Amino acid sequence: ARLPDGLRQAFEERVQAFLAEKRITGVGAVVTDELRVLVAASAATLSLAWNAYPWDQLAEVLLYARDFDRDYSFEGRELAGEAHPWGTIIISIPTLQLSFDDPGDGYHVGLHEFAHLMDKVGTHFDGILPGLDEARSRQWVALAAREMELMRRGQSVIDPYGAESPVEFLAVAVEAFFERPLALRRGHGEVYAMLRDYFGQDPAAWDEGRGLR
């Protein structure tokens, strides 16, 4: 709904390519076409402006019937999603559905976990936007440190979970960029500008074009 008309066809093509190429498996659940599309849409949102981005670092998406614990069982409900350095993403189905039910709350487990996977460098995550030159990488690291301090003080529109580490900061900043772009641009303009340039997308401008403020 947010995308300008000219980008909707490209988005649909990215979704179709993802569905044709990637494995999505249910754990304690049947994976419907709708769920497959929600997973693909999460990835395609990030890579929309990157021509035919292959998501080569992705091995498989596991859709769990509900939130899970750190032993990957359903006994506890500590986690709604997790991305592993070896390329597997785990996502709770109910939380994924809720993420799409409210596209403006700043929380989206699909965007969050694919942002982690995007951040994969070899066998680990480092919390730095991949592909930046040295100067821009240093700029991002310094910016993340300042923003994490604002989170700790309760002075950020970004999910305070991002204060846990630079890796989590990157993931929640990506969520805010796509879900609360106007608020992010207004309150954290430098974060917004870096993500706008990196993703090649301007969702705040798109929201303004729809009459939102």
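# A walk through the rings and helices

Start with the aromatic side chains: there are 13 aromatic pairs here, counting rings of Phe, Tyr and Trp (its six-membered ring) whose centres lie within 6.5 Å. Planes under 30 degrees apart count as stacked, over 60 as edge-to-face and the rest as tilted. Before you click on, know that this is a predicted model, where local features need pLDDT of at least 70, side-chain atom pairs count only at pLDDT 80 or more, and totals for chains, interfaces and linings use all residues. Residues are numbered from 1 along each chain as its sequence is written, and side-chain values use heavy atoms, with hydrogens and water left out.

**Stop 1: a pair of rings.** Select Trp-50 and Tyr-198. Their rings sit edge-to-face, 5.6 Å centre to centre, with 85 degrees between the planes. Trp-50 belongs to the loop between helix 2 and strand 2 (60–64) and Tyr-198 to helix 8 (residues 189–199), so this pair ties together parts 148 residues apart in sequence. Helices (H or I, at least four residues) and strands (E, at least two) are DSSP runs, numbered from the N terminus. Buried means under 20% relative accessible area, exposed over 50%, and partly exposed in between (1.4 Å probe, protein chains only).

**Stop 2: neighbours in sequence.** Now pick Phe-177 and Phe-178. With ring centres 4.9 Å apart and planes at 80 degrees, this pair is edge-to-face. Phe-177 has 0% relative accessibility and counts as buried; Phe-178, at 6%, is buried as well.

Stop 3: Most residues other than glycine have a negative phi. Trp-55 is buried, at 2% relative accessibility. Ala-52, found in that loop between helix 2 and strand 2, also has a positive phi near 50 degrees. Ala-52, though, is exposed, with a relative accessible area of 56%.

**Stop 4: helix 1 against helix 2.** Show residues 5–21 and 33–47. How do these helices pack? They meet at an angle of about 125 degrees, with axes 8 Å apart. The axes are lines fitted to C-alpha atoms, for helices over the stretch in contact, and angles run from 0 to 180 degrees between N-to-C directions. Helix 1 and helix 2 are therefore oblique to each other: angles under 35 degrees count as roughly parallel, over 145 as roughly antiparallel, 65 to 115 as roughly perpendicular and the rest as oblique. The contact divides into 10 nonpolar, two polar and two charged residues. Ala, Val, Leu, Ile, Met, Phe, Trp, Tyr, Cys and Pro count as nonpolar, Asp, Glu, Lys and Arg as charged, and the others, Gly among them, as polar.

**Stop 5: helix 5 against helix 8.** Select residues 134–152 and return to helix 8. These two pack at about 140 degrees, with axes 10 Å apart. Look for Trp-140 and Arg-146 in helix 5, and Glu-190 and Met-194 in helix 8, which are among the residues that meet. This contact has five nonpolar, one polar and five charged residues.

Notes:
Contact = heavy atoms within 4.5 Å.
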